[in-house]
Amino acid sequence: MSMTTILQHCLTGISLGGAYALIAIGYTLVYGILRLINFAHGDIFMMAGYFMIFSLASFPWPAAILITLVVTTVMGIAIERIAYKPLREAPRMSIMISAIGVSYLLQNLSTYLFTAIPRGYPEIPFLKRIFRVGDLSASFVTVLTPLLTIVLVVILMTLIGRTKTGMAMRAVSKDFETAKLMGININAIVSVTFAIGSFLAAVGSILYFTDRMSVTPFSGTLPGLKCFVAAVFGGIGNIPGAVVGGFFIGIVETLLVALGYSTFSDAFTFLLLIVMLLVKPTGLFGEKSVEKV
Amino acid sequence: MKKKISKPTIYSLGALALFVAFLYWLDANRLTQGMVISVLQKGAILALVATSMNLLNGFTGLFSLGQAGFMSIGAYTTAILIIPVKNLDGVYYMNGVHPAIKALRVVMAQAPPFMQTIFPFVALLLGATIAALVALVVGLAVLRLKSDYLAIATLGLSEIVRSIFSSPQFDQITNGSYGLNKIPNFPPMFFGLIPSLITPFIITGVCVAFIVLLINSSYGRAFKAIREDEIAAEAMGISLYKHKEMSFVISSFFSAIAGGMLAMYMRSIEAKTFSITLTYDILLIVVIGGIGSVTGSVVSAFLVTAAKEWWLRFFDQPLSLFGFEVPLFRTGFRMVIFSILLMIVVLIYRKGLFGTNEFSWTWLTSKKARRKP
């Protein structure tokens, strides 16, 4: 493989990794606060893909993007209110089953509404413009994804580190009960968490599907699970960790596909998870070293 | 002391006899009763997986989502060993069959006829044993994890198994993404005394009975102790590691048997059959039946299968009542109804059909018994 090909694949990998990182943050935030693997997160990401298809059919792209982001965020909050809030006091297994149930519902609902046939993802012209640097060529979205990811993460870190809401989020993730006693409105904080997670998933969805051309009701499952692995890899509850994990998994996966092991690229992710959990269960950036949300 | 046969036992034996008679009646009328037969057979297979999942999730408190992976091990092993030799080349038409498998199958085909009749059962057991061995090795590592980490690790494991089965590197064994077909149906038992239609019920019955005996033994009590409180159980001298491993291996063993039966039932399998959705479907059965109730799992396996494949089919067809076209009714609506039902069970009727209780005749006949915790 020539140097150019390797660089080209790295570029694709970084772009994929950026989208993964954005989704992984959603997992990490929710896990930090509710200690719940939000199995439905991947499906929220998939639904965002469909929202974009339909809103772009009748609106210009800036409005369509805005609509997608808002609708996805509202859906994330609604899911939390309906499916997770009633189970706050229940054993952890129940709330996890509820999350699986939501994922099952979203998949079946979208199969029903949009059929299982892959739907073409609309092209947003400015995102698809091709750039050339030497022998490398990349569409604008490939370059935009990692940059946008980093900008969003910086904003998020500031939000969590500097604002009152962020302080409340940190408190809730540290100790649920005590935070409640201190007068923090737990429900509001959980809603904010889900809103942020879903918003980032929607952004990730736009970036991810623009490169992949089509959406099916099941196209959220595997990316969802992989991004959870990314979150665990980086140390769950830790935002920079999730970003590093997302980029790492994105790049390795792209390289494995490039080498012809595409069927093993999924297996690799899960192998990584199992090895990581056994060797260093706290993830790359252990809970103690970096502040957790 | 003379043991008196209690009334519930008589009821149970009576119900069992009725069911067996019904099965023989179905066998006699199998041409007209195709739907009932296929629903009951699939129900029986899912009942076995659901029970084995319940052993792990409900009785030992290990939230594992790896059932589909173990089922696929059983299904592939069984399928490879029982596809008729004359069809082998046709099935592996793209990549050719691995010489070792071909040789083994040719040798097997030359065995005396009575050996031929037991090969399918040997194949099921072999698949289950392989799955159990995989579980044994994997369990060493994975069972150290707690609740949700265990869930995601086992889910990942089943994805790993699936991607191995569908990878081009194993084309000559698993036929890659083309899958295996021309798998023979269930074999008859006892020289045709039990027709092939009834075989899955017998296998499921024996396996579920074993699981029930296990749950009622001292091992089963240890499992429940671990479920209730790991630390307390360990303090009482229960080896956590040994019992978790045991539960995991046994559960995988029976999942693989069910997987092998699923291969015989479906007649053709591919790696996609054993995706995460299959595990979710089984989890749905366990949750609806009640986590921690064997009879709950069995009853709900039959109910869910019948509803899904048969009773609720009409949701998928366009329906017109009195000249009106009823909206919403089209392909996929059935599954939406199902998902909503599941959410209702999860959110409101959290105990499912049976909770952690078992079915009993007294429970059915007296209302007082229902209030007992």
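In the predicted model, helix 2 of chain A is largely enclosed by the rest of the structure, because 13 of its 18 residues are buried. Burial here requires 20 or more other C-beta atoms within 10 Å of the residue's own. An α-helix has 3.6 residues a turn, so residues three or four places apart point the same way.

Chain A also contains an antiparallel pair of strands, in which strand 2 (residues 130-133) is joined to strand 3 (residues 136-139) by four bridges. Within this pairing, A:Val133 of strand 2 has A:Leu136 of strand 3 as its bridge partner. The two strands form a hairpin with two residues between them. One residue in the turn, A:Gly134, adopts a positive phi of about 60°.

Chain B comprises 17 helices and two strands. Its radius of gyration is 22 Å, close to the 21 Å given by the globule rule for 373 residues, so chain B is as compact as a globular protein of that length. Along the principal axes, the C-alpha atoms of chain B fill a box of roughly 65 × 65 × 55 Å. Of the 373 residues in chain B, 41% are buried. Among contacts in chain B with a separation of 6 or more, 77% are between residues 24 or more positions apart.

Note on methods
Residues numbered from 1 in each chain as written. Chains lettered and ligands numbered in written order. Predicted model: local features only at pLDDT ≥ 70, side-chain atom pairs only at ≥ 80, totals over all residues. Pairing = 2+ DSSP bridges. Rg over C-alpha atoms; globule rule 2.2 N^0.38 Å. Buried ≥ 20, exposed ≤ 12 C-beta atoms within 10 Å, placed from the backbone. Contact = placed C-beta atoms within 7 Å.
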